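Got the sequence and the 3D view open? Take a minute to turn the model around before reading on.

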Amino acid sequence: MSLDPATVRRIARLARIRVEESELGRLQGELNGILGWIEQLNEVDVTGVEPLTGVAQVALKMRPDAVTDGGMADEVLANAPQRAGGFFAVPKVVE
Amino acid sequence: MTLTDLTLTEARDGLRQRRFSSRELTEAHLAAIEALNPRLNAFITVTAERARTQADAADAAFARGDAGPLAGLPIAIKDLFCTKGVRTTAGSDILGPFVPPYESTVSGNLLRDGAVMLGKANMDEFAMGSSNMTSAYGAVENPWKRRQDREAVLVPGGSSGGSAASVAARLALGATATDTGGSIRQPASFCGIAGIKPTYGRCSRWGIVAFASSLDQAGPVARTVRDCAALLRSMAGHDARDSTSVDCPVPDYEAACSRGVKGLRIGVPREYRADGMPGEIDTLWQQGLAWLRDAGAETIDVSLPHTKYGLATYYIVAPAECSSNLARYDGVRFGLREGAEDLTDLYERTRARGFGAEVKRRVLIGTYVLSAGYYDAYYLKAQKVRALILRDFTDAFQRVDALLTPTAPSAAFAQGENMDDPIKMYLNDVFTVPASMAGVPGMSVPGGLDANGLPLGLQVIGRPFDEETVFAVAAAIERAAGFSHRPAIRAGNGA
């Protein structure tokens, strides 16, 4: 599978990374290089193999579903690029 | 006595015997940082005043008689660990203004045990790299020099390049690092120091800026195996805030360093030979096996047949997870924001400006392999191959107690080398990635020098949660190798 410029543009859009037209060619080459190299996995027979999502070898622990933290709006907002009172502020979304 | 030349455990014993104070020890390291960091760039942030305060607190604890196990020992913290009130960048512009309001569990454990934080160590952006060249805060210089080419500026490896360089140059007694595909072991090998990636789940990931959550694991780098053992004992342990951290006792790793290897079966995986690998790496590997046999171990040929697919599998799984984890950098809640007309434009411009080229490549690859229509062909396939890689290790560990391999297919290379093609850089991790995919512990220990006078590491891989055997084998190699070489650029020797 080889990516065309339209697909690179679509992926960048999905990833919410602005890509200038002038960067498309270089990115397309790099991504196709990496994806082409990954194709070597096609030679591995995985018939009947269950996918491994992670290597944590224990069942996840249960805990009470209780509020254990909170009430720190100022700390949460301390790193906000822009805030309005107790809220994160962003450009207008709905007219 | 030069305080910066002490190992971490020697310095610990000196403090306990009151031969010097933590303040003296800390000032010696701060002076070394002041002298050499402008050149090495191993620290992004130096926290000198905080370090002095912590050193004085440690000295007071010694006076009271209630000093913790690492009291007064100055160390570096990789800038991937959130540190309360101290800027944490992950090597990225997008986190340039970020000051965490909380402390990561691992760095908190070290502070609890009395360690002194000298500052935040430089690293590849979001831990994505093998040379420290992707840091938004500049490259790190490896303190080692080629004998024949002293002008060449070498890379320290990555992603924990600042951690490894600071320890090798004696700017810190030890450092925290993290390893997703080799980011502790490869820089340790390049800088002539020791470093262990423990079993996945041994250290809490809480408060560590996430890269690939099913692979990320914290561990120490230090100048000796025993120093790593002392640091890991404090770093490790169960944490309710990380559901993948494992609730099992943390053993006395230092005791394991003295165990010896008599009667141990050491596996030699025949697939750990890379195309174009220098002959001296193979020679060192054979030497390492001979050392272990001399110490009473038996060496056994084993096969890990899916080794060659480790990297390709990694470059699906890790980008997939990073594309999800890095979605949080949107310019809204923290970090950089780039002004824009509307919200989507804000996201896109912030991420375009805030992420470097390697991070963008991986986010885009990850987005693609998870996208509708391609998920099965790439991501699901990679997860199945990952299962086969784990099976390789499980099978091998039926027959052997540990594996010995080279850590990396080369010694440290120069800045600018391996930069023309992303895949060339990825190949650095060919020997470290499989253990990451399987979640098993791996440690790099210096074995010797190549013809250029550059350090080469050997990797010991162990069973899940059997770091003790890894420490025992690594310590045996360390004793036999008698590695006492020091880098050209180090505290007290600025040349």
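Below is a short tour of two chains, from overall shape down to single residues.

## Before we start

This is a predicted model, where local features need pLDDT of at least 70, side-chain atom pairs count only at pLDDT 80 or more, and totals for chains, interfaces and linings use all residues. Residues are numbered from 1 along each chain as its sequence is written, while chains are lettered from A and ligands numbered from 1 in the order in which they are written.

## Two chains, two shapes

Let's begin with chain A. Its secondary structure comes to three helices and two strands, in the order α-α-α-β-β along the sequence. (Helices, H or I with at least four residues, and strands, E with at least two, are DSSP runs numbered from the N terminus.) Chain A has a radius of gyration of 23 Å, well over the 12 Å that the globule rule gives for 95 residues, so it is more spread out than a compact globule. That radius is taken over C-alpha atoms, and the globule rule is 2.2 Å times the number of residues to the power 0.38. Along the principal axes, the C-alpha trace of chain A spans about 55 × 45 × 25 Å. Buried residues make up 15% of its 95 residues. Here "buried" means that 20 or more other C-beta atoms lie within 10 Å of a residue's own, "exposed" means 12 or fewer, and "partly exposed" is in between, with C-beta atoms placed from the backbone.

Now for chain B, which has 16 helices and 11 strands. The C-alpha atoms fill a box of roughly 60 × 55 × 50 Å along the principal axes, and 63% of the 495 residues of chain B count as buried. Two residues are in contact if their C-beta atoms, placed from the backbone, lie within 7 Å. Of the contacts in chain B with a separation of 6 or more, 78% are between residues 24 or more positions apart.

## Where the chains meet

Zoom in on H1(A), residues 5–14, where A:Val8, A:Ile11 and A:Ala12 are buried. Seen down the axis of H1(A), the buried residues fall within an arc of 100 degrees, so they line one face of the helix. (The arc is that of the directions from the helix axis to the C-beta atoms.) Those buried residues pack against helix H2 (21–38) of chain A together with helix H12 (357–370) of chain B. Just after H1(A), A:Arg16 takes a positive phi of about 55 degrees.

## An enclosed strand in chain B

Next, find strand E3(B), residues 116–121. Six of its six residues are buried, so E3(B) is largely enclosed by the rest of the structure. Which strands pair with it? Strands pair if DSSP finds at least two bridges between them. Strand E1(B), residues 43–46, runs antiparallel to E3(B) and is joined to it by three bridges, with B:Phe43 opposite B:Ala121.

B:Asn41 is found in the loop between helix H2 (22–40) and E1 of chain B. Is B:Asn41 buried or exposed? B:Asn41 is buried, with 20 other C-beta atoms within 10 Å. Its C-alpha atom is separated by 7.2 Å from that of B:Asn122, 81 residues apart along the chain.

Finally, look at strand E5(B), residues 194–197: B:Ala194 and B:Ile196 point one way, B:Gly195 and B:Lys197 the other way, and all are buried. E5(B) is joined to strand E10(B), residues 442–449, by three antiparallel bridges, and B:Ile196 has B:Met443 as its bridge partner there.
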